[in-house]
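Have the structure open and follow along.

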Amino acid sequence: MAAPRVLLLLSGRPESVSFAQSVCGLLGAGPGLGPWPTHCSLKRGQLILSDRPSPEASDRLPLQRPPFCPFAALAQQPMVPKATLPTNRGVDLGVAVLLQSGDQTVLLTRRTRILRISPNLWVPPGGHVEPEEELLDGGLRELWEECGLQLPEDQFSWVPLGLWESAYPPRLSWGLPRYHHIVLYLLVISQESQQQLQAQIQPNPGEVNALMWLGPKVAAAVAATEDGTETAGFLHQDLPPSVPAIQLEEDGGARPVAVPMSTLLQTTPATAEDKERVSTGTKFALRLWLQHLGR
């Protein structure tokens, strides 16, 4: 039997997590929005999370879920029929790379409309971690598969930013969840400039149909609209009306476009629709990136 991708240590005892259980809830997340500092260990192909300090979970990262997390909602609604939820699998492990250029901008890509999970969302490059794969290797593999970008080993550094409990569909009002991941956001800091990195990118049209670079001011505005944590009056009046991006064409070419700022500030709708927006987890990661820059 394959080892669980996400393993919990509760009161020192190892516990696997079933698909329908909220990881944040099992670790003692309270009613607030978080994030919750969590003891963890980033092992090959596996993430260990603990509710207390442990030799097996010696690192510490912030863990968060959206305020509308369907697994938290299911725990509060025992009468909701769960017969269609998967019973033969646990929580999967994902990784996403927030790539920072030497001039302090970060790369986001827009997922194509044909993808089964989270179509038309702006996210960092990322995806599923393969069994026995180191988490950094998985993130760099996804960066290569989605953007055609390979970073020389001596020209970047990296640091884990935080953990996000992800579900799709993202709200119970969209239907019962079919996917459940803990996503590790990694900050990968390149020595090359945005212009140098952009010249090397060759997007995979099967996964990505546009890309953009965000600087700290725009990223701060986007992060402030994280669902459930909007800060009234935060948004600067001097924000640009749009952000430049590169969009792939059906003929294989690419052209510059302007993505309206209002699109990037959208939140997750209550009903199922593929509205273009920045994912809630990405807003969480952008906030952590800005904190890292501040340090």
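## Buried rings

A residue is called buried when its relative accessible area is under 20%. This is a predicted model, and in it Phe284 has a relative accessible area of 0%, so it counts as buried. Tyr185, at 5% relative accessibility, is buried as well.

The ring centres of Tyr185 and Phe284 are 6.5 Å apart and the planes sit at 70°, so this is an edge-to-face pair. Tyr185 belongs to strand β11 (residues 179-190) and Phe284 to helix α7, so the pair ties together parts 99 residues apart in sequence.

## Other ring contacts

The count of aromatic pairs comes to 3. One of them is Phe19 with Phe71, edge-to-face at 5.6 Å centre to centre and 85° between the planes. Phe19 sits in the loop between β2 and α1, while Phe71 is in helix α2, 52 residues apart. Both Phe19 and Phe71 are buried.

There's a charge over a ring too: the charged end of Arg171 sits over Phe68, 4.1 Å from the ring centre.

Helix α7 (residues 280-294) has its end C-alpha atoms 22 Å apart, which agrees with the 21 Å its 15 residues should span at 1.5 Å a residue. Its buried residues include Phe284, Leu286 and Trp289.

Helix α3 has 13 residues and reaches 18 Å, close to expectation. Just after α3, Gly148 takes a positive phi of about 65°.

The largest nonpolar core has 37 residues, and Leu49 and Leu99 have the most contacts inside it. Apart from that core lies another of 32 residues, among them Leu108, Leu214, Leu286 and Trp289.

Methods. Residues are numbered from 1 along each chain as its sequence is written. This is a predicted model: local features need pLDDT of at least 70, side-chain atom pairs count only at pLDDT 80 or more; totals for chains, interfaces and linings use all residues. Side-chain values use heavy atoms; hydrogens and water are left out. Helices (H or I, at least four residues) and strands (E, at least two) are DSSP runs, numbered from the N terminus. The expected span of a helix is 1.5 Å times one less than its number of residues. Buried means under 20% relative accessible area, exposed over 50%, partly exposed in between (1.4 Å probe, protein chains only). A nonpolar core is a set of buried Ala, Val, Leu, Ile, Met, Phe, Trp, Tyr and Cys residues joined through side-chain atoms within 4.5 Å. Rings of Phe, Tyr and Trp (its six-membered ring) pair if their centres lie within 6.5 Å; planes under 30 degrees apart count as stacked, over 60 as edge-to-face and the rest as tilted. A charge sits over a ring if NZ of Lys or CZ of Arg is within 6 Å of the ring centre and within 35 degrees of the ring normal.
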